[in-house]
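Here is a brisk report on selected helices, helix contacts and backbone features.

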Amino acid sequence: MGLYIRQVSAIIRKDILVELRTRESSTAMLVFAIMAIVLFNFALRLSTDSLKPLVPGLLWIVLVFTGTLGLGHSMYNEQVNQCIEGLLLAPCDRSVIFLGKAISNALYTLFIAVIVLPVMAILFDESLLQPGVLVTVVVGVIGYSGAGTLIATMAASTRAREIFLPILLFPLAIPLVASAVIVTSGILDTQLLGEYAPWFGVMVAFAIIFWTAGSLLIEFLLEG
Amino acid sequence: MIEAANITKFYGMRPVLRDITLQVTSGEFVAILGPNGAGKTTLLKVVATLIKPDHGRLRINGADAIADPSLVRAGIGVVSHQSLVYPDLTAVENLRFYADMYGLPRSGSTRIQGIEADIMEALKRVDLGRRAHDPVRTYSRGMVQRLSIARALIHNPPLLLLDEPYTGLDHTSAATLSAILREMAVKGRTVLMTTHEYRRGLDGVTRAIIIKGGKVTHELAADLSAEKIDQLAS
């Protein structure tokens with residue numbers, strides 16, 4: 001178990017180190033997220049009060065689109081110099097590779113969420129920084145990163161991976177995004193997470209299903 | 001060390017390896033020769049456990065490499081066409097990453113200076129000591145290939161697989177590689193190498209196997225002339 005954790009940590013540390021050095025994913029994700037928020041703000045042309053009901057939907061659209069950018073780039077890094085072969089040659093369970101990549105992807109998107117939430121809270125005058133919303137965002141991002149890493153691994157070996165990833169991932173993520181929007185709206189309206197427990201349960205189930213499926217299926221996806 | 005029997009691999013409907021049977025004993029240095037598209041790289045990838053054959057048996061160090069590949073991976077080092085190193089990391093960071101992936105003890109081989117000392121030693125061995133902390137993207141092709149060799153040897157594998165290792169190397173890098181391969185032979189390590197550089201790549205080779213159209217056509221003692229090998233392999 002110690003070696004397993006060490007190998008997962010090595011992949012996460014390596015991904016973060018590459019990102020800190022290049023800032024390729026984080027810069028693109030951050031600029032995209034901020035531009036999307038600003039564009040929504042102008043495009044909808046509504047008063048702040050009229051905008052409020054739309055904020056949960058806008059938040060999740062921004063997080064999902066931004067997260068997808070990071071997912072594509074994360075797998076691309078493993079294709080450079082065929083580094084993915086280096087991972088496959090290592091004496092580790094293939095789930096190590098999935099967990100390492102999925103945790104890295106979740107951390108990238110959570111980093112963006114840390115910036116997006118206060119920006120949206122200020123622009124749309126909505127109390128997005130409350131614990132219930134933060135918990136929902138963490139669970140939603142974890143679930144999306146699990147499904148996204150699985151699909152990005154499938155897409156990485158195809159020629160049209162940039163197109164293949166969103167086309168497969170967005171329909172798959174509908175239950176998660178719909179639940180996340182309902183839970184976020186509910187918390188912003190009532191301040192209570194408990195009332196939306198079934199929808200929150202859907203989010204947790206989504207995360208568990210895709211992280212488990214990813215850990216089990218990654219071997220077939222990587223080795224064909 | 002390597003016992004391959006009736007290895008067959010198809011890409012779609014096209015057979016790439018056809019009924020290959022191969023035995024390499026511990027300490028041998030075997031070269032696999034053949035024209036482009038002969039199946040050399042595919043055979044090496046099968047032995048490296050990167051590709052599963054469609055038929056056949058493969059045992060490495062006595063373990064079934066097809067049924068339980070993770071058992072044999074710790075004992076294999078691979079130098080391939082691609083370097084398998086991250087260009088945005090330094091040489092030290094790359095080797096530290098692979099040391100973690102192979103579960104090398106953090107205390108290092110000496111248990112005094114730690115794994116960092118082993119990494120620096122590995123880099124000095126391939127003449128990269130002075131560039132150890134530079135990002136790999138600033139390296140020349142030859143330096144990247146030398147780092148790739150250090151990566152393949154970081155876990156001290158008893159079996160080294162090399163796929164066209166001399167391709168694109170300058171004179172210095174080729175000499176470094178030849179010296180490492182001679183050292184491997186002295187230490188009794190097993191080396192399986194594909195190459196088409198018959199004149200440069202066969203120093204120290206104990207046996208040569210020629211593959212054409214996915215089949216073994218000849219097995220030769222390596223003291224044959226390069227011209228003769230050239231004639232058989234082309």
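H6(A) is followed by Asp125(A), whose phi is positive, near 50 degrees. This is a predicted model.

**H2(A) against H6(A)**

Helix H2 (residues 24-44) of chain A packs on H6(A). Their axes come within 10 Å and cross at roughly 25 degrees. H2(A) is therefore roughly parallel to H6(A). The crossing is right-handed. From H2(A), the contact takes in Ser26(A), Met29(A), Leu30(A), Ala33(A), Ile34(A), Ile37(A) and Asn41(A). Their partners in H6(A) are Tyr108(A), Thr109(A), Phe111(A), Ile112(A), Ile115(A), Val116(A), Val119(A), Met120(A) and Leu123(A). By class, this contact has 13 nonpolar, three polar and no charged residues.

**H4(A) against H8(A)**

How far apart are the axes of H4(A) and H8(A)? They lie 11 Å apart, and the helices pack at an angle of about 135 degrees. H4(A) and H8(A) are therefore oblique to each other. H4(A) passes H8(A) in a right-handed crossing. H4(A) contributes Val64(A), Phe65(A), Thr68(A), Leu71(A), Gly72(A) and Tyr76(A) to the contact. H8(A) supplies Arg161(A), Leu165(A), Pro166(A), Leu169(A) and Phe170(A). The classes here are eight nonpolar, two polar and one charged.

**H9(A)**

Helix H9 (residues 174-190) of chain A has 17 residues. From first C-alpha to last it reaches 24 Å, close to the 24 Å expected at 1.5 Å a residue. Its buried residues are Leu176(A), Ser179(A), Ala180(A), Val183(A), Thr184(A), Gly186(A), Ile187(A) and Leu188(A). What do they pack against? The partners are helix H4 (55-79), helix H7 (131-156) and helix H10 (197-223) of chain A. Just after H9(A), Gln191(A) has a positive phi of about 65 degrees.

**Chain B**

Helix H1 (residues 40-47) of chain B has eight residues, six of them buried, so it is largely enclosed by the rest of the structure. The buried set is Lys40(B), Thr42(B), Leu43(B), Leu44(B), Val46(B) and Val47(B).

Leu84(B) is placed between strand S6 (76-79) and helix H3 (91-101) of chain B. Asp127(B) lies in the loop between H4 and H5 of chain B. Neither residue is a glycine. Is Leu84(B) buried or exposed? At 0% relative accessibility, Leu84(B) counts as buried. Asp127(B), at 47%, counts as partly exposed.

Thr138(B) is in the loop between helix H4 (115-125) and helix H5 (141-153) of chain B. Its relative accessibility is 43%, so it counts as partly exposed. Thr138(B) and Met1(B) are 137 residues apart in sequence and 38 Å apart in space, C-alpha to C-alpha.

| Residue | Phi |
|---|---|
| Asp125(A) | near 50 degrees |
| Gln191(A) | about 65 degrees |
| Leu84(B) | about 60 degrees |
| Asp127(B) | near 65 degrees |

Key:
Residues numbered from 1 in each chain as written. Chains lettered and ligands numbered in written order. Predicted model: local features only at pLDDT ≥ 70, side-chain atom pairs only at ≥ 80, totals over all residues. Heavy atoms only, no water. Helix = DSSP H or I, 4+ residues; strand = E, 2+ residues; numbered from the N terminus. Expected span 1.5 Å × (residues − 1). Buried < 20%, exposed > 50% of the residue type's maximum accessible area, 1.4 Å probe, protein only. Contact = heavy atoms within 4.5 Å. Axes fitted to C-alpha atoms, helices over the stretch in contact; angles between N-to-C directions. Parallel < 35°, antiparallel > 145°, perpendicular 65-115°, else oblique. Left-handed = near helix turned anticlockwise from the far one by under 90°. Nonpolar A, V, L, I, M, F, W, Y, C, P; charged D, E, K, R; others polar.
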